[in-house]
Amino acid sequence: MGFCRAELGPQARARLAEFLAAGQHGDMGWLAERSEQRSEPKSLWPEARSVIALGLSYAPADDPLATLARRDRGTISVYARNRDYHSLLKGRLKHLAQFIVAGCGKVVQAPRVKVFVDTAPVMEKPLAERAGLGWQGKHTNLVSRTHGSWLFLARSTPTLELAPDEPHADRCGTCSRCQDVCPTDAFRRPTGWMPPAASPTSRSSTRGRSPTSSAR
């Protein structure tokens, strides 16, 4: 868990604008429709003063790639092998919100708190980076020095000024292992920030409506 102000830095806003201008969102028009809200957290709730960023590890106990060698088995993404993380994280954030309201209400006017788990146009990874949970790697996911990339992300936004944590520094350096292992070569090099337009991974395998082509 980490804390930051309810705002994004100029670099994150510039990356979003570049991504959309290049048409990298493909047929996911909803990314462009609410781009202003994505780039400015307070546009969703002007009263918000801080962000409490939460990361929950879902790292598997065994090798998640082991089933790839079993032609008689299907391979399911690790995040989808257990309980729906939306309800799990939202429940924990609501408990945290109750704790904040009850605790602060004894000394100052009780703050209001809203919780979000993939339910609003929010750039959660840049916010988590600003809150010190990790940094966005060349595969665009958040990387934690403790948990790797195995993190579900969520956030709580109170109407309360909280001391921000130090943003996490980028630790990727010259490492390109995430790019090298990708079976579809889906990340632009060297930065990896924008997948090539032809990549099936970034959009077709998530929320796109078009078929996903075979990996090379």
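The model is predicted, so local features need pLDDT of at least 70 and side-chain atom pairs count only at pLDDT 80 or more, while totals for chains, interfaces and linings use all residues. Residues are numbered from 1 along each chain as its sequence is written, and side-chain values use heavy atoms, without hydrogens and water.

Two or more of them come from each of β2 (50-57), α5 (124-130) and β6 (151-158). The lining has 6 nonpolar, no polar and 2 charged residues.

**Helix α4**

Helices are DSSP runs of H or I with at least four residues, and strands are runs of E with at least two. For α4 (residues 85-104), the 20 residues at 1.5 Å a residue should span 28 Å, and the end C-alpha atoms are 28 Å apart, which agrees. The expected span is 1.5 Å times one less than the number of residues.

Buried means under 20% relative accessible area and exposed over 50%, with a 1.4 Å probe and protein chains only.

| Side of α4 | Residues |
|---|---|
| Buried | Tyr85, Leu89, Leu93, Ala97, Ile100, Cys104 |
| Exposed, turned away from the buried side | His95, Gln98, Phe99 |

The buried residues of α4 fall within an arc of 90° seen down the axis, so they line one face of the helix. The arc uses directions from the helix axis to the C-beta atoms. Covering these buried residues by contact (heavy atoms within 4.5 Å) are elements including β2, β3 (113-116) and β6.

Notes:
Ala, Val, Leu, Ile, Met, Phe, Trp, Tyr, Cys and Pro count as nonpolar, Asp, Glu, Lys and Arg as charged, and the others, Gly among them, as polar.
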